[in-house]
Amino acid sequence: MSIKKSEIRKDYIQEKYVIIAPRRTRRPHDTIIHEPSNKQFDDNCSFCPSKLKSVKFLDKIGSKNNWCLAVLANKYPAVSLDNPKAYGQQEVVVETQDHIRELEDLSVGHLKDLLTIYAERTKVIAKNKKIEYIMIFKNNGGTAGASLQHSHSQIFATSFLPPHLADKSQRQQAYKLKNGTCVYCDVIKKEAKGPRLVWQDKHVIAFAPYASMFNYEIWIMPKRHIDNITQLTEVEKLSWAKILKHSLQKISQLNLPYNYYFHQVIHDEDQHLYMKVAPRGSVWAGVEIGSGLIINPITPEEAAKFYRQGL
Ligand SMILES: [Zn+2]
Ligand SMILES: [Zn+2]
């Protein structure tokens, strides 16, 4: 089931709109054609093991000389603990010793460990009472903002809560007051039975959101209502790692760069944890920049179908 005519859709809770505009022939700039990533060995890569020998790890999985995941302070942070004008903390998670391998090439167990280390860092960073907001994210590929090729993700924590997230929290609370339930718990129930479902088991669900802003956008969520990553159980992490690996493999078939991210608002237990994966297949042009209305030529129903292949 996919829509044939254009349709304006609104986000589940936020005042964000998208025009889902399926078309047989795409505008020339709708999709960036990407060369398959041709990673080269780089003697100067600062995340390769030889360069990290003398670097202090904030955390790691494995031993100092044989780590599989390592957390370092960000060398060029935009926010820092000694700057009251832009207060916060930034860390880098180096995801493998191997300069060439991508995240989707790593084992499910390795990806589960990655979730564990995200959770550990969130626990540590959240102890600082001044921190209000922790975002974990990954930029993969040049147009998604990655400046270093070696597979890594980042943690960005600050005392400043971005206004659109404060607004989202308020909307979620209003929804809860009115309906007595969490809006995302309701979304999960609905998407579990619909055409945008990609995969689910007892613990985790993955679906293409109704008002996808990005081509092939996919969300991964725990079915249980938990508000941050530290509460994920071992079985939930395992399910999560499985579907994450599959999703990233599919995105790599499209040769698209991508971003993924978790938002964690420290003082809001009403939020429902999610990971948004946003492939960066389109260039936002005049309509998007000028009106803020996003045109997405790939319907989420079609995207879900694509992700279901091979499952
Ligand atoms: Zn490297
Ligand atoms: Zn919920």
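Me: What arrangement do the four donor atoms around the zinc ion (ligand 1) have, and why?
Reply: The angles between the donors decide it. Four donors count as tetrahedral if all angles lie between 85 and 135 degrees. In this predicted model, the four donor atoms around the zinc ion (ligand 1) subtend angles of 104 to 117°, so the arrangement is tetrahedral.

Me: Which residues are the protein donors of that zinc ion (ligand 1)?
Reply: They are Cys45 and Cys48, each through SG, and His99 and His150, each through ND1. Along the sequence, the donor residues of ligand 1 follow the spacing C-x2-C-x50-H-x50-H. One pair links distant parts of the chain: Cys48, in the loop between strand 2 (17-20) and helix 1 (49-52), and His99, in the loop between strand 5 (88-94) and helix 2 (108-126), are 51 residues apart.

Me: Are Cys48 and His99 buried or exposed?
Reply: A residue is called buried when its relative accessible area is under 20%. Both Cys48 and His99 are buried.

Me: Which residues coordinate the zinc ion (ligand 2), and how are they spaced?
Reply: Cys182 (SG), Cys185 (SG), His225 (ND1) and His272 (ND1) coordinate ligand 2, at 2.0 to 2.3 Å. Their spacing in sequence is C-x2-C-x39-H-x46-H. His225, in the loop between strand 10 and helix 5, and His272, in the loop between strand 11 and strand 12 (275-279), are 47 residues apart and link distant parts of the chain. The site of ligand 2 is tetrahedral, with angles of 104 to 116° among its four donor atoms.

Me: Do His225 and His272 count as buried or partly exposed?
Reply: Again the relative accessibility decides. His225 has 33%, so it counts as partly exposed. His272 has 2%, so it counts as buried.

Me: Where do the buried residues of helix 3 fall when seen down its axis?
Reply: Start with the list, then look at the directions. The buried residues of helix 3 are Leu165, Lys168, Ser169 and Gln172. Seen down the axis, they fall within an arc of 100°, so they line one face of the helix. What covers them includes strand 6 (133-140), helix 4 (183-191) and strand 11 (258-265). On the other side of helix 3, Pro163, Gln170, Leu177 and Lys178 are exposed.

Me: How many residues does helix 3 have, and what span does it reach?
Reply: Helix 3 (residues 163-179) has 17 residues and reaches 24 Å from its first C-alpha to its last. That is close to the 24 Å expected at 1.5 Å a residue. Just after helix 3, Gly180 takes a positive phi of about 75°.

Me: Which residue other than glycine has a positive phi near 60°, and where is its place?
Reply: Tyr216 is one of them, with phi near 60°. Tyr216 is in the loop between strand 9 (204-207) and strand 10 (218-222), and at 13% relative accessibility it counts as buried. Asn255 is not a glycine either, and has a positive phi of about 60°. Asn255 lies in the loop between helix 5 (234-253) and strand 11, and is partly exposed, with a relative accessible area of 29%.

Me: What does the radius of gyration say about the protein?
Reply: The value is set against that of a compact globule. For 311 residues such a globule would have a radius of gyration near 19 Å; the protein has 19 Å, which agrees. The protein has seven helices and 13 strands, and buried residues make up 51% of its 311 residues.

Definitions and conventions:
Residues numbered from 1 in each chain as written. Chains lettered and ligands numbered in written order. Predicted model: local features only at pLDDT ≥ 70, side-chain atom pairs only at ≥ 80, totals over all residues. Heavy atoms only, no water. Donors = N, O, S within 2.8 Å, 3.2 Å for Na, K, Ca; no water. Tetrahedral: all angles 85-135°; square planar, octahedral: opposite > 155°, others 65-115°. Helix = DSSP H or I, 4+ residues; strand = E, 2+ residues; numbered from the N terminus. Buried < 20%, exposed > 50% of the residue type's maximum accessible area, 1.4 Å probe, protein only. Expected span 1.5 Å × (residues − 1). Arc of directions from axis to C-beta. Contact = heavy atoms within 4.5 Å. Rg over C-alpha atoms; globule rule 2.2 N^0.38 Å.
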